[in-house]
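Please give a short briefing on the structure shown below. Group the points by topic and state each cut-off once.

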Amino acid sequence: MRTIYLVRHGQTLFNVHHKIQGTCDSPLTQLGIEQAQAINRYFKKQHIKFDAAFCSTQEGACDTLEIITNHQMNYTRMKTLQEKNYYDYEGQDEYRLPWRRGYGRMNHAMESDQHVEQRMEQAITKIID
């Protein structure tokens, strides 16, 4: 039996400043580091050990994983695990998102939700295999 643990990265600088962060990099804040350390403690307390580890290529995700594993485990970085790509909106203030200004969520200026789901499914399938 395989168990897969899915963990989102800790708080980043862009999260604090309400910047759009899909595929662009932003470092963890002190709170983000503490969140990753709390996850590390949880896994230790539960006696959970990993056979393999995977994360997106984004800085916050890699840093979170490295903290969770005490920098003691090699891991595979996968672009297919990246968050939604907001293209030209990346790094801008969150209020610039179309749905924050009264427009629909479907927008050709960013990656479609369907494509994100397909990427994630491909990633999980590869991890399971």
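Lysine 19 counts as partly exposed at 26% relative accessibility, where partly exposed is the range between buried (under 20% relative accessible area) and exposed (over 50%), with a 1.4 Å probe and protein chains only. This is a predicted model, in which local features need pLDDT of at least 70 and side-chain atom pairs count only at pLDDT 80 or more, while totals for chains, interfaces and linings use all residues. Residues are numbered from 1 along each chain as its sequence is written, and side-chain values use heavy atoms, with hydrogens and water left out.

**Salt bridges**

- The whole structure holds four salt bridges, a salt bridge being a side-chain nitrogen of Lys or Arg within 4 Å of a carboxyl oxygen of Asp or Glu.
- One of them joins the side chains of lysine 19 and aspartate 93, at 2.5 Å from N to O. Lysine 19 is in the loop between helix 1 and helix 2 and aspartate 93 in the loop between strand 2 and helix 4, so the pair ties together parts that are 74 residues apart in sequence. Helices (H or I, at least four residues) and strands (E, at least two) are DSSP runs, numbered from the N terminus.
- Aspartate 93 is partly exposed, at 28% relative accessibility.
- Arginine 8 and glutamate 83 form another salt bridge, with their closest N and O atoms 3.5 Å apart. This pair links distant parts of the chain, 75 residues apart: arginine 8 is in the segment before helix 1, and glutamate 83 is in the loop between strand 2 (76–77) and helix 4 (113–128).
- Arginine 8 counts as exposed because its relative accessibility is 54%.
- Aspartate 113 and lysine 84 also meet through their side chains in a salt bridge, 2.6 Å from N to O. Aspartate 113 belongs to helix 4 and lysine 84 to the loop between strand 2 and helix 4, 29 residues apart.
- In this pair, aspartate 113 is partly exposed with a relative accessible area of 37%, whereas lysine 84 is buried with 12%.

**Glutamine 21**

- Glutamine 21 is located in the loop between helix 1 (13–16) and helix 2 (30–45).
- Its relative accessible area is 11%, so glutamine 21 is buried.
- The side chains of glutamine 21 and threonine 12 are joined by a polar contact of 2.6 Å. A polar contact is a pair of N or O atoms within 3.5 Å; within protein, one must be able to donate a hydrogen and the other to accept it, and residues adjacent in sequence count only if both atoms are side-chain atoms.
- Apart from neighbours within four places in sequence, glutamine 21 has contacts (heavy atoms within 4.5 Å) that include His9, Phe14, Ser26 and Glu83.

**Helix 2**

- The 16 residues of helix 2 should span 22 Å at 1.5 Å a residue, and its end C-alpha atoms are 22 Å apart, which agrees. The expected span is 1.5 Å times one less than the number of residues.
- Gly32, Ala36, Asn40 and Phe43 are the buried residues of helix 2. Seen down the helix axis, they fall within an arc of 85°, so they line one face of helix 2; the arc is that of the directions from the helix axis to the C-beta atoms.
- Arg41 and Lys45 are exposed on the other side of helix 2.
- The cover over the buried residues of helix 2 includes helix 3 (59–68).
- Glutamine 35 is also in helix 2 and is partly exposed, with a relative accessible area of 31%. Beyond neighbours within four places in sequence, glutamine 35 is in contact with Gly10 and Gln11.

**Threonine 64**

- Threonine 64 lies in helix 3 and is buried, with a relative accessible area of 4%.
- The C-alpha atoms of threonine 64 and alanine 36 are separated by 5.4 Å, and the two residues are 28 residues apart along the chain.
- Leaving aside neighbours within four places in sequence, threonine 64 is in contact with Arg8, His9, Gly10, Leu28 and Ala36.

**Cysteines**

- The count of disulfides is zero, a disulfide being a pair of cysteine sulfur atoms within 2.5 Å.
- Cysteine 24 is in no disulfide, and the nearest cysteine sulfur, that of cysteine 62, is 14 Å away.
- Cysteine 55 is in no disulfide either; its nearest cysteine sulfur is that of cysteine 62, 3.6 Å away.
- Cysteine 55 is buried, with a relative accessible area of 6%.
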